[in-house]
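This report describes selected local features of one protein structure, taking helix packing and then individual residues. The sequence and the structure are shown below.

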Number of protein chains: 2
Amino acid sequence: MNLKPIKVGLLGFGVVGGGTYSVLTRNAEEIARRAGRDIEVVRVATRTPSKAKAVFGEALPVDDDLMGLVSDPNIDIVVELIGGETLARELVMQAIAHGKHVVTANKALLAMHGNEIFAAASKKGVMVAFEAAVAGGVPIVKAIREGLTANRIQWVAGIINGTTNFILSEMRQRGLPFETVLSEAQRLGYAEADPTFDVEGVDAAHKLTLLASLAFGIRIQFDKAYVEGITALKQEDITHAERLGYRIKLLGIAKRRPNGIELRVHPTLVPASKLIANVEGAMNAVLVKGDAIGETLYYGAGAGAEPTASAVVADLVDVTRMHTSDPENRVPHLAFQPNALADFDILPISEIRTSYYLRFTVEDRPGVLADLTRILADKSISINSMVQEQKGEGSAAIIILTHEAREGNVVDAIRMIENLGFVHSSVTRIRLENLS
Amino acid sequence: MNLKPIKVGLLGFGVVGGGTYSVLTRNAEEIARRAGRDIEVVRVATRTPSKAKAVFGEALPVDDDLMGLVSDPNIDIVVELIGGETLARELVMQAIAHGKHVVTANKALLAMHGNEIFAAASKKGVMVAFEAAVAGGVPIVKAIREGLTANRIQWVAGIINGTTNFILSEMRQRGLPFETVLSEAQRLGYAEADPTFDVEGVDAAHKLTLLASLAFGIRIQFDKAYVEGITALKQEDITHAERLGYRIKLLGIAKRRPNGIELRVHPTLVPASKLIANVEGAMNAVLVKGDAIGETLYYGAGAGAEPTASAVVADLVDVTRMHTSDPENRVPHLAFQPNALADFDILPISEIRTSYYLRFTVEDRPGVLADLTRILADKSISINSMVQEQKGEGSAAIIILTHEAREGNVVDAIRMIENLGFVHSSVTRIRLENLS
């Protein structure tokens, strides 16, 4: 890289701050290949510096001088991860006043003070990036803001609070009441000690307010949002809904109507056949309906250290690419800079590893399974499950699911199986991916 | 808008060319608010100008001078939608040589000649944008290239050919053999007269090759891809897979391994519980696994005039925003330019329109349903379905699903229902969205 590193200051070093530093460090090489230059954390300020000091030792300045960081002339981008509205607002406004670009994950801050913050940033010519503020790592801000620009967006409907989606999933799948599942969610760390913001829908409404602005090009108007949580929801309604072919989800819905915009968060029945109805646990998903593209869905982890850091760091790369705006440093065609492409080998198909479904017909007599399993074992192919199905007249279909194995070995094993005297068909082979 | 319009030349005026012009025209106002300036088609060249002439009349120059268009000094961006590899390559290279930015939907072109084309564009300092080349309108190129830049991407697995996904969905749901469903797909326009490129997996492999380059930062290497289509797939394997808890999908898979990259298209069993296994019909979806974000999925229409145009026009907006790269014209915070925000009203909750699930307990005697339906009719609420469930001791639960109605009217009707003598409970009300 010929350019100097971009210098980042971290405000806050909690879960997301730690995750951001981990990801930036672990993936530094690939990130620099994408951004066109290194992205370096050069200073950390947090109200409780002890944890950060344990991580950085003497390697990096760590203190509690939050205001000092936002005015540090050595810093290009300030990452605000302290949360809350009052101090965060003051810090972000000061950072902008000092000409810093800002990256933030703070939805409450933007839902309450976004108009003021964006106006100040526009005036100063700096960027305020906030991909991490909605649906964690899912790049939904970018999708709406840049990916769907051709569309008149008709509505957005999102599962944008993982805590409540986890609770609703457990209530449905295990038939437990709200209070029981909430306690469990708190024990597992999916819900806060004071869960009000999540279960009453406020957090979802913060995010929805931002999505509505992006979708319809309107100012941020959190005070106009209708907010209803899941605390009143009864198990029997979940059951009735299911019998009728629906799931109940806490949706944030923003819809364009001839007379204005609907902006509302509340429990909602959704047809069980829709993809979004099948988003379970703490996952997030946002469904966007545009007049040109139709329905399009974006799914992923909405919270957690590294998923949120994924969005924070993507914003850092975005700001870096735009900050360095000569043609060589625009978003590169192949995601990485042209002079930073890798020369990994593409593997021949025989060298790939996956699982396999094998089906063939055998004579139904003793010793068949012993011979088959010996061939597979010799080729280091381990069996996940095997089904034998009678086909009448002394023959049987064998269906085998394997664990992950090398394709070349599977091809060899298939040849050997087809040569066995008691095998009466060729072997049908389909690859199987658990995608996990 | 203070800036002059960006001037676009369209090469080709088939399905996607027509869709692109429709979307640009219909949504011109919103698109300009997003891009910061108008985007204008100023010239069209196509090998068969008659159709385009019927649309444009004298309003726009239309001819068959493809080479004339790419060297026209009046044009800023060339949109290549003629397809194929030979002529398209020559036109794109000439457009670049003349300093034009290029937007293309041509996956075959980029899978075969992308390395050469991107090198020429980088040298000349112009952009070649290709969102429409993979998964139609789904902004998957942007998601990987810009949204997931924090991640070391581990694998990408996509349903990236709508024709084959339609065929597999029909084979499973209706128990029909491949040949029958293919004929139907051809009749419905989901498959071409010569379906080879789709059913043999070549089209998916073109797209997968591009995704792999974006995900791993490698040169485009279509010749190394393993390609296996769905023509050999038997109905009974779909049935067996289903019994075992799997669906069979034609997946394009690109996976990072310690010894290289797996790059392969083939029929694949996928656990039925995964979201991607439930992507049916001609829809596309791409699942990306990154080390920070985990699994994230992108879903939408992979083909068709306007879904594809959605991606072409998004690229036009992207190129326009970057072409005009002073701070005022970067990607705006709220997707639209700050001075172009709209002042739509946010509707009060009473003015929203949605469907409703209502549940309450009634005395089980004649006339109950008549009174209830009269109240609903008086309030312009029409009933989609009604279930009455005995609860013993002469009482019954009533569950009603309504069609779309005004919330204020539903609130009134609930108050009236709760005041009826034979109603023994309050009314539980949950909103219902069909999301379609």
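The model is predicted. H8 (residues 162–174) and H9 (residues 178–188) of chain B pack at an angle of about 125°, with 9 Å between their axes. These two helices are therefore oblique to each other, and their crossing is right-handed. On the H8(B) side the contact is made by B:Phe166, B:Ile167, B:Glu170, B:Met171 and B:Arg174, which meet B:Phe178, B:Val181, B:Leu182, B:Glu184, B:Ala185 and B:Leu188 of H9(B). By class, the residues of this contact are eight nonpolar, no polar and three charged.

A second pair in chain B consists of helix H5 (residues 86–97) and helix H6 (residues 107–124), packed at about 10° with axes 10 Å apart. Angles under 35 degrees count as roughly parallel, so H5(B) and H6(B) are described that way. From H5(B), the residues B:Ala88, B:Arg89, B:Val92, B:Met93, B:Ile96 and B:Ala97 take part; from H6(B), their partners are B:Leu109, B:His113, B:Glu116, B:Ile117, B:Ala120, B:Ala121 and B:Lys124. The contact holds nine nonpolar residues, one polar and three charged.

The crossing of H2(B) and H13(B) is right-handed. Here B:Ile31, B:Arg34 and B:Ala35 in H2(B) meet B:Val313, B:Val317, B:Thr320 and B:Arg321 in H13(B). Four of the contact residues are nonpolar, one is polar and two are charged.

| Helix pair | Axis angle | Axis distance |
|---|---|---|
| H8(B) and H9(B) | about 125° | 9 Å |
| H5(B) and H6(B) | about 10° | 10 Å |

Helix H11 of chain B covers residues 202–216, and its 15 residues should span 21 Å at 1.5 Å a residue; the end C-alpha atoms are 21 Å apart, which agrees. Is H11(B) enclosed or open? With 15 of its 15 residues buried, H11(B) is largely enclosed by the rest of the structure. After the helix comes B:Gly217, with a positive phi near 70°.

In chain A, two residues other than glycine have positive phi. A:Ser380 has phi near 60° and sits in the loop between helix H14 (368–378) and strand E14 (383–390). Its relative accessibility is 57%, so A:Ser380 counts as exposed. A:Glu393 has a phi of about 55° and belongs to the loop that joins E14 to strand E15 (395–402) of chain A. A:Glu393 also counts as exposed, because its relative accessibility is 84%.

A:Thr361 lies in strand E13 (residues 353–363) of chain A. With 15% relative accessibility, A:Thr361 counts as buried. Which residues does A:Thr361 contact, leaving aside neighbours within four places in sequence? They are A:Lys391, A:Ser395, A:Ala396, A:Ala397, A:Phe422, A:Val423, A:His424 and A:Ser425. A:Ile261 is 100 residues from A:Thr361 in sequence, and their C-alpha atoms are 61 Å apart in space.

Key
Residues are numbered from 1 along each chain as its sequence is written. Chains are lettered from A and ligands numbered from 1 in the order in which they are written. This is a predicted model: local features need pLDDT of at least 70, side-chain atom pairs count only at pLDDT 80 or more; totals for chains, interfaces and linings use all residues. Side-chain values use heavy atoms; hydrogens and water are left out. Helices (H or I, at least four residues) and strands (E, at least two) are DSSP runs, numbered from the N terminus. The expected span of a helix is 1.5 Å times one less than its number of residues. Buried means under 20% relative accessible area, exposed over 50%, partly exposed in between (1.4 Å probe, protein chains only). Axes are lines fitted to C-alpha atoms, for helices over the stretch in contact, and angles run from 0 to 180 degrees between N-to-C directions. Angles under 35 degrees count as roughly parallel, over 145 as roughly antiparallel, 65 to 115 as roughly perpendicular and the rest as oblique. A crossing is left-handed if the near helix is turned anticlockwise from the far one by less than a right angle, and right-handed if clockwise. Contact means heavy atoms within 4.5 Å. Ala, Val, Leu, Ile, Met, Phe, Trp, Tyr, Cys and Pro count as nonpolar, Asp, Glu, Lys and Arg as charged, and the others, Gly among them, as polar.
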